[in-house]
Amino acid sequence: MPNLFFSYSHKDEELRNELETHLAMLKRQGKITTWHDRRITAGSDIDSPISSELENADVILLLVSAHFLASDYCYDIEMQRALDKHSDGTAVVIPVVLHPCDWHSASFGELRATPTDGKPVSMYANMHEAFSIVSKDIRDALEQFPTREKALKPQVAPKVGNGVIDSHPRSSNLAIKKQFNDHDRDVFLENSYEYIARFFDGSLDELAKRNSQIQTRFKRMDETSFTASIYLNGNKESACSVWYGGSEFGSSRSINFSHNDSGRSNSFNEMATVTDDGYILKLSTMGMQSFGQDREKELTQQGCAEMFWGLFIRNLQ
């Protein structure tokens with residue numbers, strides 16, 4: 001059975017866990033076994049098990065983000081050895097792009113990345129759609145990868161101090177529920193709004209650069225609201241306001257979207273409220289603008305920004 005190795009930054013651990021869940025059918029069907037460094041037991045030497053598992057890997061996933069690129073261990077040790085194995089045909093290396101970052105200029109930039117066209121997982125409105133694409137790409141890679149006979153090597157148990165312990169298999173399902181307080185939710189709300197504001201500002205700039213007939217306008221009304229407009233040949237074609245905080249009908253922990261640029265009001269066309277699943281904080285939308293589509297209602301900050309942007313630019317598409 002091919003061995004799959006996760007090379008990732010611990011700051012991306014939640015997304016790694018989600019990806020491993022999406023690989024469940026491949027594991028159930030006996031297509032792969034998976035390994036990551038959270039399988040190392042407490043008190044064990046770290047480098048030895050990682051090096052051993054990396055050498056035995058048939059498929060190596062590089063979970064790419066700015067954190068991955070900034071990690072000396074991920075980039076200089078794990079990735080470089082992975083590319084060596086890819087070059088000599090003893091493993092297949094698949095970059096999985098988690099977040100927007102300057103990965104094209106990296107050593108693995110010439111490899112075909114997943115999801116489709118290297119679009120980051122976090123930029124999908126529905127994160128599960130992205131991971132289903134990744135899972136399918138891994139399945140396709142496994143079918144193309146020739147079965148190879150592995151030389152049997154003596155397995156050395158990891159050392160702990162002067163003794164030796166058995167290396168037992170254990171579950172990767174070790175997440176426990178968390179209790180989020182009001183401060184956690186308020187900080188998450190403010191950070192989410194700020195991310196969406198920067199997302200719109202940057203997207204408007206890029207839209208205008210790519211289309212000479214387009215003019216854009218982004219304006220921060222105050223610390224908790226902004227407006228955006230798109231003009232086609234001088235005529236306003238799309239506008240919106242985004243703000244957070246309570247309204248007569250909204251929630252005190254919601255980010256609101258309206259199809260006009262008049263600023264904060266008591267009316268809105270979509271709303272995202274801070275919620276959690278017991279493990280992480282998310283943004284839960286009302287689905288008011290789905291128009292019959294089965295749209296994901298629990299989103300990351302980036303997923304929510306992409307969803308709001310889609311509502312905003314829809315008139316031009």
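Modeller: What follows goes from the whole chain to its sheets, and then to a helix and a loop residue.

Biologist: Before that, what kind of model is this?

Modeller: This is a predicted model, and local features are given where pLDDT is at least 70.

Biologist: Okay, how many helices and strands does the protein chain have?

Modeller: The protein chain comes to 8 helices and 13 strands.

Biologist: Let's do the sheets. What is the strand order in the open sheet of 4 strands?

Modeller: The order is E2-E1-E3-E4, and the pairing is parallel. Strand E2 (33-35) and strand E4 (92-97) are the edge strands, each pairing on one side only, and neighbouring strands of this sheet are turned by 25° against each other on average, with direction ignored.

Biologist: How does E3 pair with E4?

Modeller: Strand E3, residues 59-64, pairs with E4 in the parallel sense over 6 bridges; Val59 stands opposite Val92 in E4, and Ile60 stands opposite Val93 in E4. E3 also pairs with E1, again in the parallel sense, over 4 bridges, and there Phe5 stands opposite Ile60.

Biologist: Which E3 residues point which way?

Modeller: Val59, Leu61 and Leu63 point one way, while Ile60, Leu62 and Val64 point the other way, and all of them are buried.

Biologist: Which helix lies across E3 and E4?

Modeller: Helix H6, residues 127-144, lies across strand E1 (3-7), E3 and E4, and runs at about 170° to E4.

Biologist: What do E7 and E8 form, and how many residues are between them?

Modeller: E7 and E8 form a hairpin with 2 residues between them. Strand E7 (residues 214-222) pairs with E8 in the antiparallel sense over 8 bridges, and one of the bridges joins Asp222 to Ser225 in E8. Strand E8, residues 225-232, is mostly covered, with 6 of its 8 residues buried.

Biologist: And what comes of E8 and E9?

Modeller: E8 and E9 also form a hairpin with 2 residues between them, and Asn233 in the turn has a positive phi of about 55°. E8 pairs with strand E9 (residues 235-244) in the antiparallel sense over 8 bridges, and Ser229 has Ala239 in E9 as its bridge partner.

Biologist: How many bridges do E11 and E12 share?

Modeller: Strand E11 (residues 270-276) and strand E12 (residues 281-285) pair in the antiparallel sense over 5 bridges, with Thr275 standing opposite Lys282 in E12.

Biologist: Now H5: where does it bend?

Modeller: H5 bends by about 35° at Met79. Helix H5 spans residues 72-87 and reaches 21 Å from its first C-alpha to its last, close to the 22 Å expected. Its buried residues include Met79 itself, along with Cys74, Tyr75 and Glu78, and H5 is followed by Gly89, whose phi is positive, near 80°.

Biologist: Last one: where is Lys178, and why is it called partly exposed?

Modeller: Lys178 is in the loop between strand E6 (163-164) and helix H7 (182-210). Lys178 is called partly exposed because its relative accessible area is 44%, which lies between the 20% and 50% cut-offs.

Biologist: Which residues does Lys178 touch?

Modeller: Leaving out residues up to four places away in sequence, Lys178 touches Glu14, Gly278 and Tyr279. Lys178 and Ile280 are 7.8 Å apart in space, C-alpha to C-alpha, although they are 102 residues apart in sequence.

Definitions and conventions
Residues are numbered from 1 along each chain as its sequence is written. This is a predicted model: local features need pLDDT of at least 70, side-chain atom pairs count only at pLDDT 80 or more; totals for chains, interfaces and linings use all residues. Side-chain values use heavy atoms; hydrogens and water are left out. Two strands pair if DSSP finds at least two bridges between them. Axes are lines fitted to C-alpha atoms, for helices over the stretch in contact, and angles run from 0 to 180 degrees between N-to-C directions. Contact means heavy atoms within 4.5 Å. Buried means under 20% relative accessible area, exposed over 50%, partly exposed in between (1.4 Å probe, protein chains only). The expected span of a helix is 1.5 Å times one less than its number of residues. The bend at a residue is the angle between axes fitted to the seven residues ending there and the seven starting there.
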